Amino acid sequence: MQKLALGALCAALLACGSNSDNKVHIVTDAGSGSGSDATCNPLSQTGCNTGEKCTWVYDLVSADGTNILGHVGCAPDGDKVAHDQCTRNAAGAQGWDDCKAGTFCKAKRELVGPGGVGVCEQVCDNSGADATSACATDSACVAYHNIFEVSSMNVAGVCDYKCDPFADNDFLHTGSADPVRAGSACQPYEGCYGGPRDTQATSFSCAREYNTDMHNRDECTATSGNSLQAANPLSRVACSTASNGCSQGYMPLLYEDTSGSQVVTCTAMCKPKSCWGGTGHCGGNTSTASNLTGDPASPANQCQPSAIIGNAVTPAQPSADPAANNNLQCVFNWEFSFDKMGNFVTSPFNDTVGWCEDHSFYHYDKNGDKMITAADDEVEPRCDTMTDPGFGTGSADGSGNCTPANGCRGAGSFGCTSSTDSGLVTFQGMRRDPTVRIHPRLPYGYEP
């Protein structure tokens, strides 16, 4: 299953039903089930007759995977409970499963059409609005393509096992068959995927790894990903089709640059540690000893060529020039954890997970005109050149420029310091300007 990613720029990423790998057509009549399908609610399990459940029914899956038809509707209740092995019928007149009401038989994508064995997982409210439809503490609610998806919007999600983004990912793909990793939460064919979302806290859960060749700063497009060469068309998932389109340890998080490009790149996870200019605030004077590329105590999770695959140029140490050698730096997850209204969404991962961002590709709105242009704005500075760990004064100079040099911006404005060191909890002023379009809000879903 392709997990639904987390945001709203569907058109830019061809991931909300426009991609040929993800054409979902909703059946609005009684369809394959029975009862009053039009009012059936999979969260409250209302709208169906006694002995029935409200579920997702697959009506048709073409052999080449280009058409997947389904609908939310009533079907006979099953007898398998959450985490039991279950059986999914072939798509068609009886395209349901044998899980009990409130659970869903999640199977590999290849089995969606012909049916087959899967595992019952709890149905949940992926918007986070319904507390009664929340997952157990060991699971996270994830939205999937082609499951409870109506008009490109998910009316429900499915609970997936939580995982550790560092212990349960093989960043270097060191195993030829099985991943080499310390954790055991995920299956050998899965990675630990997740990241910041629009309305819910950042979470990580196990999801299938489709493409093993999509790493740091690789362009995540409708034509990238080595699963596209798979013999079975239902095994083919382009990188931009799903938020688990990148390789494990990497997420489609950042735009390629701030030039107006709509191309998203896979971004490596890292373990962040606060870094700002001044004695002792950024660790040692080599790239591995500095906090600039991540916590030196966790060298396997720094933004270093030895720890990740792909573009992994790290800043030379030290440098007085804010833009010199301004390459991969590990920025805190909290920087991306704001909803569309600017409200901060708290998460246990906001200070413990970071992302390898190459500051040299991104500009900030120096002159406050709410536009990013190369002519009057500057490249984001290196974390270790800013003396203020917070967000600065917010007071521009006489020319209207707001820069780290005049104290108007601080390291917190660029995600260089933790939420505590930056003073985020009490700060109500200037963060990274929203016109700096580096974060696509993970606007597509997950694939099973």
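Me: Is C275 buried or exposed?

Reply: This is a predicted model, in which local features need pLDDT of at least 70, side-chain atom pairs count only at pLDDT 80 or more, and totals for chains, interfaces and linings use all residues. Residues are numbered from 1 along each chain as its sequence is written, and side-chain values use heavy atoms, with hydrogens and water left out. Buried means under 20% relative accessible area, exposed over 50% and partly exposed in between, with a 1.4 Å probe and protein chains only. C275 has a relative accessible area of 1%, so this residue is buried.

Me: What is the handedness of the disulfide of C275 and C282?

Reply: A disulfide is taken here as a pair of cysteine sulfur atoms within 2.5 Å, and the sulfur atoms of C275 and C282 are 1.6 Å apart. Because the torsion about their S-S bond is about -65°, the disulfide is left-handed.

Me: Which strand holds C356, the partner of C303?

Reply: C303 and C356 form a disulfide with their sulfur atoms 2.1 Å apart. The pair links distant parts of the chain, 53 residues apart, with C303 in the loop between β16 (264-270) and β17 (328-332). Strands (E, at least two residues) are DSSP runs, as are helices (H or I, at least four), numbered from the N terminus, and C356 lies in strand β18.

Me: How many disulfides does the rule give?

Reply: Among them is the link of C40 to C54, with S to S at 1.7 Å. By the rule, the count comes to 15 disulfides.
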